[in-house]
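Here is a walk through one model, written for someone who likes to look at the atoms while reading. Have the viewer open and follow along.

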Amino acid sequence: MPAIGPNLGAMARSIWKRYRWDRIGLVTGTFSLMVIGLVAWVSPDVPPSEGSSAAVLSHPDAPPSVEPAGALPTSRRVEPQPQPQPEAEPAPKPPANIKPCSCNKSALKIPRNPYTAHRVAARNLPNSFFVKDKSGLDWGRKAGKLVPVEDGRGYHIAPLSHSHKALLPEARNVLHAIGNAFADELKGTPSEGALIRISSMTRTAAQQKALGQRNYNAIGEESTHSYGASFDIAFTDRPSNDVTCSDATRAIQKVLLDFQRRGEILVVPEGTCMHVTVRP
Ligand SMILES: [Zn+2]
């Protein structure tokens, strides 16, 4: 009996050892196959740039052109947000020999919104601040509260002497939308290509003072231009002298009325321009 004990013990140990290695082999093999299978399944779908964490963190507004076309099934793609109309169609400057069409209170029939309402709107826009002087303007630009404005579809900017080519982001977007609506309105007509002429945008308080203060009412002194919330439309420029002003004038009147009725803008028709303030 004492001789059997150690023999059985040795057998048991050897069996245990064999099973243990078998099991380790089985588990390792299965795990390896799973990993290989997983990698083989995932890798063809995910290009290196999209598979990194940077893809998750990247801004959804990134231009679609940087993504490889068709790299991911549409269900996995982050759809880019609708963008305000890009300035894809740069507006050619109208030739100097073409007479501009008036865009003022005599030419257009648009209800006047009280200037106090303009001021309330200007102060309540999300990025609004009072642009006191040049350093305030520079600060606003750096902080992204004032964005640069260049010529775009349906509008162009006259040389500015008492204001800067900058607006609050919301005001810039509305200007883009007005330009696009104006261009759309004239599409297919002889006046296609006419442009709205912007004669004023953001003014510092110092510029406003130098301009010779126009007092809209007795209470406040600040202009809504000093909040980056307003722009002036002084004229529309037709594509040639061969077309009358009637189409362009009708188009800008319709567009401004539409935006005003929809609550996107406030308007003061003035003697030399239409003063437009964007609403929050
Ligand atoms: Zn104005």
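Where is the place of Ala205? Ala205 sits in helix 7, which covers residues 205–210. Keep in mind that this is a predicted model.

Ala205 is partly exposed, with a relative accessible area of 22%. Leaving out residues up to four places away in sequence, Ala205 touches Phe130, Val131, Lys132 and Ser226. Ala205 and Glu221 are 16 residues apart in sequence, and their C-alpha atoms are 9.6 Å apart in space.

Now for Ser200, which belongs to strand 5 (residues 195–200). Is Ser200 buried or exposed? Ser200 is buried, because its relative accessible area is 5% and the cut-off for buried is under 20%. The side chain of Ser200 makes a polar contact of 2.9 Å with the side chain of Arg203. Beyond residues up to four places away in sequence, Ser200 touches Leu160, Ser163, His225, Ser230, Phe231 and Asp232.

| Strand paired with strand 5 | Sense | Bridges | Residues standing opposite |
|---|---|---|---|
| Strand 3 (residues 155–157) | parallel | three | Tyr155 and Ile196 |
| Strand 6 (residues 230–237) | antiparallel | five | Ile198 and Ile233 |

Which protein atoms are the donors of the zinc ion? They are NE2 of His225, ND1 of His275 and two OD atoms from Asp232, lying 2.0 to 2.7 Å from the zinc ion. Along the chain, the donors follow the spacing H-x6-D-x42-H. The two histidines link distant parts of the chain: His225 is in the loop between helix 7 and strand 6, while His275 is in strand 8, 50 residues apart. Both His225 and His275 are buried.

As for the geometry, the angles among the four donor atoms run from 54 to 156°, and the site of the zinc ion is irregular. Why irregular? Four donors count as tetrahedral only if all angles lie between 85 and 135 degrees, so the 54° end of the range rules that label out.

Key. Residues are numbered from 1 along each chain as its sequence is written. This is a predicted model: local features need pLDDT of at least 70, side-chain atom pairs count only at pLDDT 80 or more; totals for chains, interfaces and linings use all residues. Side-chain values use heavy atoms; hydrogens and water are left out. Helices (H or I, at least four residues) and strands (E, at least two) are DSSP runs, numbered from the N terminus. Buried means under 20% relative accessible area, exposed over 50%, partly exposed in between (1.4 Å probe, protein chains only). A polar contact is a pair of N or O atoms within 3.5 Å; within protein, one must be able to donate a hydrogen and the other to accept it, and residues adjacent in sequence count only if both atoms are side-chain atoms. Contact means heavy atoms within 4.5 Å. Two strands pair if DSSP finds at least two bridges between them. Donors are N, O and S atoms within 2.8 Å of the metal (3.2 Å for Na, K and Ca); water is not among the atoms, so sites may look incomplete. Four donors count as tetrahedral if all angles lie between 85 and 135 degrees; four count as square planar and six as octahedral if opposite donors are over 155 degrees apart and all others between 65 and 115; anything else is irregular.
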